[in-house]
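Colleague: Before we discuss anything in detail, could you put the sequence and the structure up, and then take me through how its features should be read?

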Amino acid sequence: MSSVVSAQPVATDLHDTTSRSRKNLDKLFLGGLWIFTLLAIITLVTLVGTTLLKGYSRLNLSLITNFPSPFPEDAGIQAAIFGSIWVVVTSGLVSLFIAMGTAIYLEEFADQGSRFNKLITINIQTLAGVPSIVFGILGLAFVARGWLGWGFTVGTASAVLTMMVLPVMIVSAREALKAVPSSLREGAYALGATRWQTIVKQVVPSAIPGIATGSILGVSRALGESAPLILLGALAYVSSNPAGFDSDYTVLPLVILKYTQEAQEEFQAVGAAAIIVLLVLLIALNMIAIVIRDKSRKSW
Amino acid sequence: MNTVVTSVGELQPSGRKLRQQRTERVIRVLLMIVATSGVLVTTGVVVALVRPTVEFFRAVSISEFLGTTAWFPLYEPPDFGVWPLVIGTFSVMLVAVIIAVPGGLAIAFYLNQYASDRVRRNLKPILEILAGVPTVVFGFFAINFVGPNIAAKIWVFSDVGFYSALSAGITVGLMILPMMTTLAEDAMAAVPRALIEGSYALGATKRETCTGVIFPAALSGIIAAGVIAMSRAIGETTIVLLAAGSTANFSFDIGQPMQTMSSFIGFAGLGDQPTGSTGYQTIFAVGSLLFVITFFLNMLSRRIVSKFREVYE
Amino acid sequence: MVEDMSNATISKTTGGSRQSDSVVRVNLSSDSQSNSGKPQNEMIMQSVDLQVHYGDFLAVRDVNLTIHKGEITALIGPSGCGKSTIIRCFNRMNDLIPTAKVGGKVFYKGIDLYGPEANAGEVRRRIGMVFQKPNPFPKSIYDNVAFGPRVNGKPTKAETDELVESSLKRAALWEEVKDRLKQSAFSLSGGQQQRLCIARALAVNPDVLLMDEPCSALDPIATARIEDLMAEIKSEYPIVIVTHNMQQAARVSDRTAFFNTEIGANATRPTGVLVEYDTTRKIFANPSDTRTEQYISGRMG
């Protein structure tokens, strides 16, 4: 019988026999994990703290009611707020419409394994990975100039942000539709409903919470996006709210960009205050999403 | 005995039902058109980039683009050596990835094997919030905190000024940290519980299970996540524009200001380039390069996940 | 290696070279009493009033078992009666489930497994486990077997080589894999993977081996090989096996514990309970409890 090479002496109790070096490695490892976890938390705290510290002084009503001015105490971001609202709402609605159509087609109508289906899915995945600035280039070439020639307007910005946000919207709409149990569809078919009737009356209504949270995700992204709009004229000195889709415009992220680049501390303060406004808007949006998500959980 | 004779058309739809079914076919076609729009956008991106790129390379030789090291395309006379941008891009990416990949792994291990439910419930929202912060806010953070307090303090090899690739890299790394954590965590969660239990049943500690079993088992997902993090760091514009300046330095010293491909495009876009000018076309040439690199990385990431999944079960 | 279920005696022949001690036969007469003063094998583990709650739900209660050296103990019963839960108490694997609460006591050589003197990692090294579905690590065959020793100590290459070889031999797998130790464990068949998991568990030199339905994912031939293996190694490693295959329990085990389910007064879900625990001979030929008899005859008739 071959001898057993045992690394431990035979013990008659069950006390901890892990070696010191093993235990030390365990502690070292856990310490490393904590360091990075704390890093994430500290980053968030410092980020918010720095912003509050710098922008606190400029937080009053005039920030929201005023328009840009060479005097930082008077400079306000009303144009940017309205510009953001125009651009974000438009792109949100348009991309939601397209995303719904695409998702419904892919999930309910098209053959799941078909090449067309796969082609579209791959395209969506590719788009999701494209850097945002490249969408700005696309907008510059086709929308601002080139074919559409809309120039640097609200319409241009909406079109470009629509394209950017589309992959996210499509993916979340598809997930929401997938989550609807097939028993719901079968019940409708069994009563003689056509496919479209089933979709409109049964599937989509029950997928609405998922679609809503997905849309809010997309809208949040559009609200915070800066890179593509740099190329699309949003940085210009805009001192009025948009009046139509052909108006000049600016958005919150870009006025933040502009003020952050200024050397004067007072302008930095305006930028920081604008950040606070932006973050408040984003938090509000996310709260809405959470509320929708929780409400929908209860109804099941 | 009567046999019931059915007329041929008894089970066919009529009237309203017939109209509904016809409408439905139309709807289906409409939806297909809508779905195709997604494809159109990708094609649009490619087309948008190709023509001006080709025209750019008619005006500027490839050997100058890839062979020289001075990048001053908007000056008179212009220089079109792209290397400063490439080096700048990879410098920022490297710093970012050094922070985000180990960091993401660490937090993911912690959430996966160590954190109690209470900690998890509090930590995850913090990560989600961090993930939702717009890049321009991170840019502000870079200029007002990371640059002066961190980059300037830790870089001992040279004097760090207001703009530096280091400051930009650290901030980009912090920005993509939550995303890397989520992806790594997903990869770890996919490791079958049986494997993990098998490790504990042999008397292994949590650390040994993490490094000896979970990490190798989740490796393909983790690598894919790292590649996506790289791609994201390469494509980042606003943070770099704010924190790294607009000097296309041909240098490996990350304490210096640098310009990346993305930040150059942003910078060029800020000034108004007349359509068709070489300056305008430069945007497209660099944009093509950027698109190709990120496209390749994303495909790599997907292939890693799909190709190595079999080795696993 | 074959057990003959005749009425009189059970005689077992184990592989000749392995008989380091003459294994004492337990109860050969038809009116079997395990505590009739005849010499028994030394008791190595014992559970006293063992019970497990998952949250508020009492999953299994009142389990009093003794595990003896040189023997195979089988836990049988319908599904949901807590057999797997109980066996997982024996190596503190239930610690990994946050909602699980273990009551009562489990003793190993007189030490309370859940007391302050017992370290969970050490417990698991000494009381090994083989799982229902083979779960080899995504590593080479060699690295699978070497994982335990490497983690529990710092063996040299020579020591590791020898340990891997002896463990694989003990698990009756060496001849089949000795030329391909560096290949992935997944290149093995299901039965081979399970023997690999057994080798892996043996490599840390446990005192007891727990097996949770080890053959339920395997075909009959692979099952038979593992049963042979169990009979070979039981003199060195007492085995506790959970199985829902009664023929298997009757074939391989020396003692059998029959579990059943019942719904308590205020409960909505059935709780597992140990009905009868005795030598295998008695359980299958002449059980004391009617529930045992119903179960046995219902499944074997």
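Colleague: In what order do the 10 strands of the open sheet in chain C lie, and what is the sense of the pairing?

Modeller: This is a predicted model, so local features need pLDDT of at least 70 and side-chain atom pairs count only at pLDDT 80 or more, while totals for chains, interfaces and linings use all residues. Residues are numbered from 1 along each chain as its sequence is written, and chains are lettered from A and ligands numbered from 1 in the order in which they are written. In general, strands of a sheet pair through backbone hydrogen bonds, either parallel or antiparallel. Here the order in chain C is β5-β4-β1-β2-β10-β9-β3-β8-β7-β6, and the pairing is mixed. Strands (E, at least two residues) and helices (H or I, at least four) are DSSP runs numbered from the N terminus, and two strands pair if DSSP finds at least two bridges between them. β5 (111-112) and β6 (127-130) of chain C are the edge strands, each with a single partner, so one side of each lacks a neighbour in the sheet.

Colleague: Which strands of chain C run antiparallel, with how many bridges?

Modeller: Strand β1 (residues 43-54) of chain C runs antiparallel to strand β4 (residues 100-108) of chain C, and 8 bridges join them; within that pairing, Q46(C) has F107(C) as its bridge partner in β4(C). β4(C) also pairs with β5(C) in the antiparallel sense, over 2 bridges, where the partner of Y108(C) is I111(C). The hairpin of β4(C) and β5(C) has 2 residues between the strands, and K109(C) takes a positive phi near 50° there.

Colleague: In which sense do β6(C) and β7(C) pair?

Modeller: β6(C) and strand β7 (residues 208-212) of chain C pair in the parallel sense over 4 bridges, with V208(C) in β7(C) as the bridge partner of I127(C). β7(C) and β8(C) likewise pair in the parallel sense over 4 bridges, and L210(C) stands opposite V240(C) in β8(C). Strand β3 (residues 72-76) of chain C runs parallel to β8(C), joined by 4 bridges, with L75(C) and V242(C) as bridge partners.

Colleague: Are the residues on the two faces of β8(C) buried or exposed?

Modeller: In a regular strand the side chains alternate between the two faces of the sheet. A residue is buried if 20 or more other C-beta atoms, placed from the backbone, lie within 10 Å of its own, exposed if 12 or fewer do, and partly exposed in between. In strand β8 (residues 239-242) of chain C, both faces are covered, with I239(C) and I241(C) buried on one side and V240(C) and V242(C) buried on the other. Over the whole of chain C, 48% of the 301 residues count as buried.

Colleague: Which residues of helix α8 in chain B are buried, and where do they pack?

Modeller: An α-helix has 3.6 residues a turn, so residues three or four places apart point the same way. In helix α8 (residues 206-217) of chain B, the buried residues include R207(B), E208(B), V213(B) and I214(B). The buried residues of α8(B) pack against elements of three chains, among them α1 of chain A, α3 (83-114) of chain B and α3 (141-152) of chain C.

Colleague: How many residues does each chain bring to the contact between chain A and chain B?

Modeller: Two residues are in contact if their C-beta atoms, placed from the backbone, lie within 7 Å. The contact takes 68 residues from chain A and 64 residues from chain B. On the side of chain A, helix α1 (residues 20-55) gives the largest share, 18 residues.
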